[in-house]
Amino acid sequence: MNEKQFEAFQLGLTRKLSLIQGPPGTGKSAVALNIVQRILEKTSCTILVVTFQKYNLDKFLMDCSALTEKIVRIGGYLGDSRLERFTLDNTVQDPRIHRIRRQCIAQYENLMNIFADKLKINDRNEDHSHDALMHILNEVQKTSLKGQELHQLHLYKECRGARIIGMTTTGIAKYSCLLKLIRPSVVIMEEAENSPECQVITALTEYTQQLIFVGEAKRIGFLKDLHFDIPCRNTSLFERLVENDINNILLNVQHRMHPNISDLVRETLYPDLIDGDNVKSYQPIRGISKNLFCVVLKGLSPNDDSLLEQFPVQNQEKLSKESFHEILFSCSLANYLRQQGYKAHEIVIFTTGSDNEVEALEAFLVLFPLLKDVRVKSMEKFQGQECRILIVSLATTDQNPNIESMSRDDRLCVLLTRAQEGLYIVGQLDLYVEMNETWRKVKENLESKGCIGPILSIKCEKHGCEILAAGVEDFLKFSQEGCPTGTLDKENPCIESN
Ligand SMILES: [Zn+2]
């Protein structure tokens with residue numbers, strides 16, 4: 001642990017409320033894990049771990065499984081199969097519980113029928129008592145609640161003896177009754193920027209002694225995308241506590257991004273960010289001269305129409321020709337990196353858009369056999385995660401995309417901090433630069449490093465030839481014919497078959 005991490009570790013163990021925050025890659029989860037380890041060793045407390053995303057819950061619980069076997073993961077199961085043994089079996093075996101639940105369901109159905117009948121009478125007779133309807137609704141609610149509580153009471157048997165309980169924010173709202181029975185004394189809220197008060201409160205019981213928030217105040221909180229009809233602050237409790245500097249430690253040594261990439265973050269969002277030693281020894285990207293580049297394609301390709309025919313993607317008519325070329329360029333670049341020997345799971349194609357853009361990109365991936373297992377992720381789905389090489393597609397499928405919201409600082413922060421070794425941005429950066437001052441600084445930084453332009457310089461690792469990729473055709477030509485030396489040297493092909 002570095003100095004700041006140790007400070008955060010001490011704070012987390014000694015304060016009733018503590019905030020551990022920091023830019024991506026600064027080891028927030030590692031500190032939280034150390035805190036968990038110490039609590040397990042020195043006390044008999046039960047720890048509740050809450051995350052916003054299932055993926056992050058699985059990741060944290062996998063790390064915890066090295067410390068104890070007494071883990072229960074509550075909620076729907078999707079992720080890591082190694083956690084199956086910890087996942088709470090939601091099925092109820094006890095016949096007594098089944099009997100009472102059946103009674104509850106019958107009573108519920110009966111009440112709903114009475115309610116529907118009364119409503120019909122009410123339609124004919126406006127004077128019919130409103131109170132009578134409300135009374136039945138109350139009864140319906142009570143019966144439904146009774147059924148749920150009974151179910152959770154049963155689940156409690158499975159949770160007894162557990163030292164770590166893992167749930168998502170959705171889970172804590174759904175299993176609040178179960179939490180009251182488990183009485184966790186330590187609550188760790190990961191991705192705290194995504195936890196509104198109502199969910200934080202559900203996680204707390206009268207037995208809670210310690211609450212530790214772990215998060216990043218500058219990351220997207222999904223609260224920012226909610227629009228309420230009534231005036232309401234769309235910042236999370238965590239962000240407001242950070243603003244007020246309450247028991248707050250900001251970690252500042254990052255162990256994820258290559259210094260070229262972290263420079264962009266340092267000069268825009270986190271001026272105090274320091275690079276850890278590990279990121280200084282990353283190897284250069286194979287087959288590309290620079291590990292950071294923004295490709296701003298110039299106009300359309302001369303073989304425009306032939307490419308449209310050559311890549312017959314679904315819903316092609318929905319894409320502007322510019323977007324078609326940009327998306328195709330992003331996929332060709334990913335394909336080229338696969339040819340250079342990078343594994344599919346090491347490359348992520350990332351869109352600043354939404355599900356429509358993910359769909360458009362996936363339609364192109366199908367046309368490249370090497371990209372079968374390469375992931376396409378939207379901003380919301382990839383926050384909190386990282387990959388070796390990130391290709392960012394700025395192309396949109398919408399004619400009038402909401403660039404203003406897409407260019408927000410918190411979104412830019414997610415975009416800049418996912419990649420470990422290589423970050424390539426493809427698209428019209430100026431749209432974002434016009435909307436947001438921070439993007440302008442990013443552009444200036446890229447310009448000062450010579451890392452932005454209409455042409456990406458790639459090189460054949462085998463023969464050392466440099467190739468200028470200004471469009472998809474250049475990647476295609478390299479795939480089919482190889483570099484100029486490789487064309488003559490048939491014994492030593494430029495690309496090893498994967
Ligand atoms: Zn070659």
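Mentor: H13 crosses H14 in a right-handed manner, the near helix being turned clockwise from the far one by less than a right angle. The model is predicted, and local features need pLDDT of at least 70, side-chain atom pairs count only at pLDDT 80 or more, and totals for chains, interfaces and linings use all residues. Residues are numbered from 1 along each chain as its sequence is written.

Trainee: Why are H13 and H14 called oblique to each other?

Mentor: Helix H13 (residues 321-339) and helix H14 (residues 355-365) pack at an angle of about 55°. Angles under 35 degrees count as roughly parallel, over 145 as roughly antiparallel, 65 to 115 as roughly perpendicular and the rest as oblique. H13 and H14 are therefore oblique.

Trainee: Which residues meet between H13 and H14?

Mentor: Ile 327, Leu 328 and Cys 331 of H13 meet Ala 360, Leu 361, Phe 364 and Leu 365 of H14; contact requires C-beta atoms, placed from the backbone, within 7 Å. Seven of the residues in this contact are nonpolar, with no polar and no charged ones.

Trainee: What makes Asp 245 exposed or buried?

Mentor: A residue is buried if 20 or more other C-beta atoms lie within 10 Å of its own, exposed if 12 or fewer, and partly exposed in between. Asp 245 has 9, so it is exposed. Its phi is positive, about 55°, although Asp 245 is not a glycine.

Trainee: How is Asn 247 classed?

Mentor: Asn 247 has 16 other C-beta atoms within 10 Å and is therefore partly exposed. Asn 247 lies in the loop between H9 and E7.

Definitions and conventions: Axes are lines fitted to C-alpha atoms, for helices over the stretch in contact, and angles run from 0 to 180 degrees between N-to-C directions. Helices (H or I, at least four residues) and strands (E, at least two) are DSSP runs, numbered from the N terminus. Two residues are in contact if their C-beta atoms, placed from the backbone, lie within 7 Å. Ala, Val, Leu, Ile, Met, Phe, Trp, Tyr, Cys and Pro count as nonpolar, Asp, Glu, Lys and Arg as charged, and the others, Gly among them, as polar.
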